[in-house]
Amino acid sequence: MTEVGLQSNFKDKLRNFLVYGIGEPILRGLETSIGKSSKIGDTAFFDAAKYPENFQWVELLESHWHLIREEVDELLKYRDDLPNFQDISPDQAYNASTDNLWKTYCLYGYGIKSAESCDRCPQTAEIIQKIPGLKTAFFSILLPGKHIPEHRGPYKGVIRCLLGLKVPEPREKCRLRVGDEIRHWEEGKCMLFDDSFPHEVWNETDGIRVVLFLDIVRPLKFPLSAVNQLLIKVIAASPYIQEATANQKKWNDRLDQVWQRDPQNSRQ
């Protein structure tokens with residue numbers, strides 16, 4: 001092996017040790033404490049009506065969902081040019097998606113804004129920037145026949161919101177299981193859950209399912225709330241996120257070329 005190859009091999013081993021040998025065990029070890037300190041309980045799904053002071057932003061999303069849907073409809077014209085989930089975040093996709101049936105369009109990744117993506121979807125960007133604690137936001141597009149096998153999110157310190165934008169019928173064939181509960185999306189409605197629970201997704205219909213996928217800082221009691229904020233900043237600076245951000249930048253450059261080639265695009 002060449003010297004360059006040895007250096008690359010060492011770098012990969014060091015990266016994997018930091019992410020999986022140190023980082024992941026620490027985050028998993030905090031899950032019990034986070035659950036006990038949670039202001040919204042420690043359940044698979046969350047009821048926004050039960051904790052109105054923590055979920056005021058749900059009404060904002062649901063009352064403006066049609067504006068977000070308009071921008072999704074435009075994006076879907078370029079569906080084949082959008083990245084697969086594993087193209088952006090191979091670490092998270094290694095056991096969740098390896099085909100071309102899960103397309104994404106990223107706006108924020110762990111607090112890091114994708115300015116180009118937000119510029120292409122200004123209405124969506126304006127709405128989501130009003131959500132307190134927003135860390136990740138992207139359009140999650142499942143093509144017909146897609147199944148995301150059981151997996152777990154990396155960190156319990158955030159909660160997940162999926163806003164239904166395009167939900168094909170029949171509903172029972174387009175579903176999400178979290179723990180032992182199965183639920184179905186509804187257009188214009190938010191689904192809130194804890195992605196540290198084992199979960200999986202199916203789109204067994206002939207249509208395309210699109211949701212606005214959000215990760216938001218979990219409301220916690222002090223002092224764990226301060227620890228949580230610090231850990232989220234550390235995660236954002238980790239190779240796990242920085243490499244995904246670099247991948248997103250490459251795809252933004254590709255999408256810019258696609259946009260510029262389209263004679264009907266208003267950016268010309």
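What is the mean pLDDT of the protein, and what share of its residues reach 70 or more? The model is predicted; its mean pLDDT is 88, and 84% of the residues reach 70 or more.

The protein comprises ten helices and ten strands. Its chain has 268 residues, of which 52% count as buried.

In soluble globular proteins, nonpolar side chains tend to be buried together. Here the largest nonpolar core contains 43 residues. Within this core, the residues with the most contacts are Phe-55, Leu-61, Leu-107, Ile-128, Phe-139, Leu-212 and Leu-214. Leu-212 illustrates the packing: beyond four places in sequence, its contacts include Leu-61, Leu-107, Ile-128 and Phe-139. Further contacts of Leu-212 are made with Ile-68 and Phe-138, as well as with Cys-161, Leu-162, Leu-163 and Leu-165. Another core, of 19 residues, lies apart from the largest one and has Ala-44, Phe-85, Trp-102 and Cys-106 among its members.

Helix α9 spans residues 224-236, 13 residues in total, and extends 18 Å from its first C-alpha to its last, close to the 18 Å expected at 1.5 Å a residue. Its buried residues are Leu-224, Asn-228, Leu-231, Ile-232, Ile-235 and Ala-236. Viewed down the helix axis, the buried residues of α9 fall within an arc of 140° and therefore line one face of the helix. An α-helix has 3.6 residues a turn, so residues three or four places apart point the same way. On the face of α9 turned away from the buried side are the exposed residues Leu-230 and Lys-233.

Helix α10 covers residues 239-261. Its 23 residues should span 33 Å at 1.5 Å a residue, and the end C-alpha atoms are 33 Å apart, which agrees. Buried positions in α10 comprise Tyr-240, Ile-241, Ala-244, Asn-247, Gln-248, Trp-251, Asn-252, Leu-255, Asp-256, Val-258 and Trp-259.

Methods
Residues numbered from 1 in each chain as written. Predicted model: local features only at pLDDT ≥ 70, side-chain atom pairs only at ≥ 80, totals over all residues. Heavy atoms only, no water. Helix = DSSP H or I, 4+ residues; strand = E, 2+ residues; numbered from the N terminus. Buried < 20%, exposed > 50% of the residue type's maximum accessible area, 1.4 Å probe, protein only. pLDDT = per-residue confidence, 0-100. Expected span 1.5 Å × (residues − 1). Arc of directions from axis to C-beta. Core = buried A, V, L, I, M, F, W, Y, C linked by side-chain atoms within 4.5 Å. Contact = heavy atoms within 4.5 Å.
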